[in-house]
Amino acid sequence: MSDARQAIVVRSTGSWYQIKDDQGVMYDARIRGKFRLNGKTLTNPVAVGDLVHFEIENEVENSALIKDILPRENYVVRQSPRKKHQLHLLASNIDQAMLVITIREPNLKQGVIDRFLLMTEPHDIPACIVFNKKDLYTEEDIKLYDYLSEIYTEIGYSTYLISSLVEGDAKKISETLESKTTLISGQSGVGKSTLINAIYPDLDLRTSELSESSGKGQHTTTFATMYEPTADARIIDTPGFKGLSFNNLEPMDVAHNFREFFKYSENCKFNNCLHREEPGCAIVAAMEQDQISELRYANYLQILEEIEDQNYWERHSDL
Ligand code: GDP
Ligand code: ZN
């Protein structure tokens, strides 16, 4: 047996990784060779949260070589924002995921919640949705929150309405982070860093001012990073995203990851039903009887169409 030791990956840039051993010693680590996931190349074979075996390469420089990755309990993966044909691992071995969004500044992007849930649902990772910046919401916005909150609570995702600028609100969120490893994600500018700082002032993450011309936040986080702000809470802060696409999913995967469909879809006439125009579709029937949210269903159709378009061009990439 070699002298390989175990560490956890706390930062992943794609070319090097920061790992932390059992004693809390940090190393800059590299990995050799190419790694694939479900047949697709990964922009970063090692994810934040991975447990790895490593060997010290240079004691003085605290550099290390990752020898292998221990089996993952779960992971969250998305299409690489830069390389359309590659996958990007956001994190692994997490207990829950938190999506931070806002209805104002920047305006809520239709479908963003459902797209996010397509990343957590394949591994049944519990997810919650935090609506931030409530101090900016109009009465109409609050109604929209109530509407969305009901849809998502009904199917088992908790929602919170908060302002990062209000102390008591940050405390409410901090309670959900206790004793867990939580992946925290959000579109750029939603106030994710402000919220994390409000909960854990010692972390002092960089926040950005909204750019006045675009109303959009600038990127502050470039790589996913794990923090251990208290003895029992671990958070993984991820780069703010613009959009979420899914080259890793087939149309049927999308259907399988809308969790409330499951109960009804076994009653669809065809077992490969994609719940569109097929006769005898139990999902469409459930939606017409208000048992499935119309909004969720509309987003489902939109994502499905997008994936089919993308897959079409990938299959015909020689045209
Ligand atoms: P991130 O990109 O999601 O990390 O967003 P930041 O934390 O950098 O915040 C973007 C901007 O939103 C900053 O100007 C923050 O001061 C502002 N912001 C964050 N939370 C709130 C909030 O609850 N209410 C208001 N009005 N502004 C907020
Ligand atoms: Zn169906």
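**View 1. Helix H1 and its buried residues.** Val 112, Ile 113, Asp 114, Arg 115, Phe 116, Leu 117, Leu 118, Met 119 and Thr 120 are the buried residues of helix H1. Here buried means under 20% relative accessible area, exposed over 50% and partly exposed in between, with a 1.4 Å probe and protein chains only. Helices (H or I, at least four residues) and strands (E, at least two) are DSSP runs, numbered from the N terminus. Nine of the nine residues of H1 are buried, so the helix is largely enclosed by the rest of the structure.

A word on the model before moving on. This is a predicted model, in which local features need pLDDT of at least 70 and side-chain atom pairs count only at pLDDT 80 or more, while totals for chains, interfaces and linings use all residues. Residues are numbered from 1 along each chain as its sequence is written, chains are lettered from A and ligands numbered from 1 in the order in which they are written, and side-chain values use heavy atoms, with hydrogens and water left out.

**View 2. Arg 115, a charged residue of H1.** Arg 115 sits in helix H1, which spans residues 112-120. With 12% relative accessibility, Arg 115 counts as buried. Beyond its neighbours within four places in sequence, Arg 115 is in contact (heavy atoms within 4.5 Å) with Leu 244, Phe 246, Gln 302, Ile 303 and Glu 306.

**View 3. The nonpolar cores.** A nonpolar core is a set of buried Ala, Val, Leu, Ile, Met, Phe, Trp, Tyr and Cys residues joined through side-chain atoms within 4.5 Å. The largest has 58 residues, of which Ile 113, Phe 131, Tyr 152, Val 254 and Tyr 300 touch the most other members. Not counting residues up to four places away in sequence, Phe 131 touches Ile 101, Ile 103, Ile 113, Tyr 137, Tyr 145, Leu 148, Thr 159, Tyr 160, Leu 161 and Ile 162. A second, separate core of 18 residues includes Val 130, Ala 170, Tyr 200 and Ala 233.

**View 4. The shell around ligand 1.** Take a look at the 18 residues that surround ligand 1, the closest being Asp 135, Lys 192, Ser 193, Thr 194 and Ser 208; a residue is near a molecule if one of its heavy atoms lies within 4 Å of it. Helix H4 (residues 192-199) gives the most to this shell, with three residues. A polar side-chain atom of Ser 163 lies 3.0 Å from an oxygen atom of ligand 1.

View 5. Leaving aside neighbours within four places in sequence, Ser 80 is in contact with Thr 43, Gln 86, Leu 87 and His 88. The C-alpha atoms of Asn 247 and Gln 86 are 8.0 Å apart, although 161 residues separate them along the chain.

Notes: A polar contact is a pair of N or O atoms within 3.5 Å; within protein, one must be able to donate a hydrogen and the other to accept it, and residues adjacent in sequence count only if both atoms are side-chain atoms.
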